[in-house]
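Okay, thanks for making time, everyone.

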Amino acid sequence: MRVATSLALVAAALFGTAAQAQVNVKIGVMNDMSGLYADISGPGALTAAKLAVDDFNPAAHGMKVEIVGADHQNKPDVGSNIARQWFDVDKVDVIVDVPTSSVALAVSDVTREKNKVFLVSGAAASDLTGPKCSPNTIHWTYDTWMLAHGTGTALVKTGGDTWYFLTADYAFGHALERDTAAVVTAAGGKVLGTVKHPLNTQDFSSFLLQAQSSKAKVIGLANAGGDTINAIKQGAEFGITAGGQQFAGLLVFVTDVNSLGLKTAQGLVLTETWYWDMNDANRAWTKRWQAERQGKFPSMVHAGVYSAVLHYLKAVAATKSAADGKAVVNQMKALPTEDSLFGKGSIRPDGRKIHPAYLFQVKKPEESKYPGDVYTVRATILAEEAFRPIKDGNCPMVTN
Amino acid sequence: MFEVFGVPSQALFGQLLLGLINGSFYALLSLGLAVIFGMLNIINFTHGAQYMMGAFAAFLLLRHTGIGYWPSLVIVPIVIGAVGAGIERVFLKRIQKLDHLYGLILTFGLALIIEGLFRNYYGSSGQPYGVPESLQGGRNLGFMFLPNYRAWVIAFSFLVCLATWYAIERTRLGSYLRAATENPALVRAFGINVPRMVTLTYGFGVGLAGLAGVMAAPIYNVSPQMGSDIIIVVFAVVVIGGMGSIMGAIVTGFTLGIVEGLTKVFFPEASNTVIFMIMIIVLLIRPAGLFGRMA
């Protein structure tokens, strides 16, 4: 009798596991691993994805999760080739991060064609949830509309009502300038002029001099990375800020502030959705992240990768399969989002993840008490106001 | 007050001066390239990486030992020059008798490796380096605000360029060097150690790149890719001036800085390409460059 019971128990256990087959998930982190954007995304995003998997604890959900990484070198053709290879040969289920808008748009097309999932953290173009929106793509961390509105509105409100733009001469720069100029004019401000500079400009002094003589109160930097750093560094030298004009960094990351140094960057106003030193949860997470990335500080892109991967795994656990990308994305939209870094939030039908944004100001050197202590929060922009209203996006999925 | 094509003269003077300042970096870098090519027939593609190493060396000295800008201005070119001399001894010496292209590929490969190493250790977003205390601030010239540091850059690089030109074209040592380029066997017969002279010359050219790096650190972003951003322009400057011509490199460096500066006023979008358009025109009309001699 006892033998029979134990046999039955074993059988039940066996059937039980057979009925609940293990779900395999493969996550591909694709970004710029060695170039210009390697610090804001790069290997740090891989670390963030690993932390998300650890916190999710796949074994407890009968899942097995594997992470792979690749370098798209900021080239759309390289990016879409990797995406195809990953989906067709390596059986990757979801691609995460992908900074550089042109690459992200290319990867979004491939993902839709293969019915997989694409979680954007590093790219900025708001087109990803606008005309180019896709049922397989979720735009997580930030976008150009949010940057323009956060910084633009705040500065006009505090008296910065005349603007001069230094704009990087390519799609991203034009979009950022267009969005910001619209915000400035709508808030009653005026755009006095603009100068378009080539990508990767070493010397900004000519442009700065033009901006200086325009007498605009705010100089808007519609560029990124090395261009923004050079402009601000040389702006300090030419006495721009000392002369009463103010820089508005429209896309500045915490890594850019570190490479400028507080002495040069102080006073700069910018918008981000996450900062490592904002609360205890963020600090605790940063500590874990730094165990693998010593001496560096995570950017909002890293935090976004963590948050997106965690929510994705929850959705897969609910649908019990990662095979149908559209179904997983629908599940992600149905589930409210919650994690320690972005708190509670949601995902809109157009694929836009909604959470608050923060207006930061860079501290003075004497205010900074430890490495990485660089921002003070000047304002919180509510989740509902931080991103473009869904009706203005022209996303075909929503309008039809 | 008068206007040129709708641009007030004051603004124009400002831009001319700024162009001259940028031109001094072009001149310093292309001068090093011209010395190396003119004397050793090596197309030194590592030059950009060596310029970047100069800026990083200044940054590392400041961070780890507290040594500031002024001592760096002396120490860094010597250190970078010594590294260059080492590269010459270990690599370039072995391919001396081969075609130019081998040297080009070797130095290009070295540049990629050096850049990759720095990116691996220091990341891609750059390091902070401030303007030295004594040169902070600036003065109002009436038509523009000139930062003191920029004034220093223009004066100092002009001096370095002149001194180099004088040393090579007008001194006894320079004449040995030029003779050694023409006919190494004969010069060696006079009891002059030609290989050592070659090593030192390469080291000197590389030292000039290091010096330019230190001078650039306070105003440009000190990042691993700063060299590859500028090296292509500098090569265009050397080609326009005439490969290997010392005076050509100096004069074209300053002139093209001014041309680029003016482009930034009248048609900013083209400011990255204007130098290459000039290069094409010069190559069509005078293939040996403005100051070059036909081979």
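So, let's start in chain A, where strand S3 (residues 94-97) and S4 run parallel, joined by 4 bridges. Before I go on: this is a predicted model, so to speak of local features we need pLDDT of at least 70, and side-chain atom pairs count only at pLDDT 80 or more, while totals for chains, interfaces and linings use all residues. Residues are numbered from 1 along each chain as its sequence is written, and chains are lettered from A and ligands numbered from 1 in the order in which they are written.

When I say helix or strand, I mean DSSP runs numbered from the N terminus: H or I with at least four residues for helices, E with at least two for strands. Strands pair if DSSP finds at least two bridges between them.

Back to that pair. A:Val96 has A:Leu119 of S4(A) as its bridge partner. To get from S3(A) to S4(A), the chain goes through helix H4 (residues 101-114) of chain A, in a right-handed β-α-β crossover. Right-handed here means that, with the strands pointing away from the viewer, the path from the first strand over the helix to the second runs clockwise.

Now, which way do the residues of S4(A) point? A:Val117 and A:Leu119 go one way, A:Phe118 and A:Val120 the other, and all are buried, meaning 20 or more other C-beta atoms, placed from the backbone, lie within 10 Å of a residue's own. In general, side chains in a regular strand alternate between the two faces of the sheet.

On to S5(A), residues 137-139, which runs parallel to S4(A) with 3 bridges between them. There, A:Val120 is partnered by A:His139.

Zooming out, these strands belong to an open, parallel sheet of 5 strands, ordered S2-S1-S3-S4-S5 in chain A. S2 (63-71) and S5 of chain A are at the edges with a single partner strand each, so one side of each has no neighbour in the sheet. S1 (residues 23-31) and S2 of chain A pair in parallel over 9 bridges, with A:Asn24 opposite A:Lys64 in S2(A).

Chain A also has an antiparallel open sheet of 3 strands, in the order S11-S12-S13. S11(A) and S12(A), residues 343-347, share 3 bridges, and A:Glu338 has A:Lys344 as its bridge partner in S12(A).

Last stop, the contact between chains: 32 residues come from chain B and 33 residues from chain A, counting two residues as in contact if their C-beta atoms, placed from the backbone, lie within 7 Å. H1(B) gives the most to the chain B side, with 5 residues.

Definitions and conventions: A residue is buried if 20 or more other C-beta atoms lie within 10 Å of its own, exposed if 12 or fewer, and partly exposed in between; C-beta atoms are placed from the backbone.
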